[in-house]
Amino acid sequence: MKSFVEIAGEIAREAGASISEFARRRIGFELKGAYDLVTEADRTSERIIVERLRQHFPTHAVMAEEGGGNDGSSEYQWYVDPLDGTTNFAHGFPVYNVSIGLARAGELIAGVVYDPTRDEMFQAEAGSGAFLNQQPIRVTPTARIDDSLSATGFPSRKRHQNINIYFYYQLAMTSHGVRRAGAAAIDLAYVACGRLDFFWEFQLKPWDMAAGCLLVREAGGVCTDMRGAPLDLNGPHVLADNGALHAAVVELFGEIFAGKQREPLPQ
Ligand code: IPD
Ligand code: CA
Ligand code: CA
């Protein structure tokens, strides 16, 4: 019998192939709200994933971003982002992915992030490690923020209510850089495989984080909120890091939350 993660990987690959087909045709987009895009590729990918999950696991609950899931009362809960990085996709900026996570009784047990542009399949199962195209992956050993490369993101919705620009500024001034590539699940997968040392963001949704956070943990890293408290997929923010940097990043974030600035704004 195939494992959850194998089946989720096959489904993500099929959904990713459909997204690539839309990318070749350069389709247009619609607005869900001001600056919040959705495309036919999001909806088609979601239809594929939800239908396949229903075929394999008819009793499982499925939460999917574009609303195609079901509210079943199973102890198994899937989290589906059919196209993470829609704004990138709609502009032809090649950083987007399919993200599928699974929790059992509230604990993350399987996660898949598939990048169809690079044909990179990130997979993790609780207790079994994390893999990129079947090869084991590991977080970095970086222990000083000064030596780090990190990533963050900004929501498309209610951007004016987001305080992340202060966090971005402080981190950009005291490290090798902060990337903002526009696909949260890829950012998390990159922490897991050591391309980034840590990632944080405000106001993500469960489907953005479920798979990626399991990848980070299974690669030896830590996934909490930005104050270091246990991660809540419905919570206000997330921090995923290599473990070695955790205490230093939580301390710096604590200062920024308190209104202190290590690096003053330029005059
Ligand atoms: C978005 C991306 C982006 C993040 C936003 C998310 P979507 O997801 O992950 O990187 O900054 O907060 O909403 O809408 O493209 O699936
Ligand atoms: Ca997303
Ligand atoms: Ca999405």
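Some housekeeping before the sites. The model is predicted, so I use local features at pLDDT of at least 70 and side-chain atom pairs at pLDDT 80 or more, while totals for chains, interfaces and linings use all residues. Residues are numbered from 1 along each chain as its sequence is written, chains are lettered from A and ligands numbered from 1 in the order in which they are written, and side-chain values use heavy atoms, with hydrogens and water left out.

Let's start with ligand 1. Which residues come nearest to ligand 1? There are 17 residues around it, and D84, G85, T86, G182 and E201 come nearest. By "around" I mean that a heavy atom of the residue lies within 4 Å of the molecule. Sorted by class, that shell has six nonpolar, four polar and seven charged residues. For the classes, Ala, Val, Leu, Ile, Met, Phe, Trp, Tyr, Cys and Pro count as nonpolar, Asp, Glu, Lys and Arg as charged, and the others, Gly among them, as polar.

Where does the shell come from? Strand β4, residues 76–84, gives the largest share of it, three residues. Strands here are DSSP runs of E with at least two residues, helices are runs of H or I with at least four, and both are numbered from the N terminus. Domain 1 (4–136) and domain 2 (145–257) both give residues to the shell, so ligand 1 lies between them. Those bounds come from an automatic or database domain assignment.

Now the polar contacts, which are pairs of N or O atoms within 3.5 Å; within protein, one must be able to donate a hydrogen and the other to accept it, and residues adjacent in sequence count only if both atoms are side-chain atoms. A backbone N or O atom of T86 sits 2.9 Å from an oxygen atom of ligand 1. For G182, a polar backbone atom is 3.1 Å from a ligand oxygen. With E65 the side chain takes part, and one of its N or O atoms is 3.3 Å from an oxygen of ligand 1. On its own, ligand 1 has 380 Å² of accessible area, and the protein covers 93% of that. Accessible areas come from the Shrake-Rupley method with a 1.4 Å probe, and for residues only the protein chains shown count as cover.

On to the metals. Donors are N, O and S atoms within 2.8 Å of the metal, or 3.2 Å for Na, K and Ca, and because water is not among the atoms, sites may look incomplete.

The calcium ion that is ligand 2 is coordinated by D81 (OD), D84 (OD) and D208 (OD), at 2.1 to 2.3 Å. The spacing in sequence is D-x2-D-x123-D. Which residue coordinates both calcium ions? That is D81, and the two ions are 3.9 Å apart.

Are D81 and D84 buried or exposed? Both are buried, where buried means under 20% relative accessible area, exposed over 50%, and partly exposed in between, with a 1.4 Å probe and protein chains only. D81 has 1% relative accessibility, and L83 is also buried, at 1%.

N133 has a positive phi of about 45 degrees although it is not a glycine. For Q134, also not a glycine, phi is positive at about 75 degrees. N133 is partly exposed at 37% relative accessibility, whereas Q134 is exposed at 61%.

Then S175, in the loop between α4 (164–173) and β11 (177–179). S175 counts as buried, at 15%. Its side chain reaches the backbone oxygen of L171 at 2.7 Å and the backbone nitrogen of G177 at 3.1 Å.

Last stop, A240. A240 is in strand β14, residues 237–241, and is buried at 0% relative accessibility.
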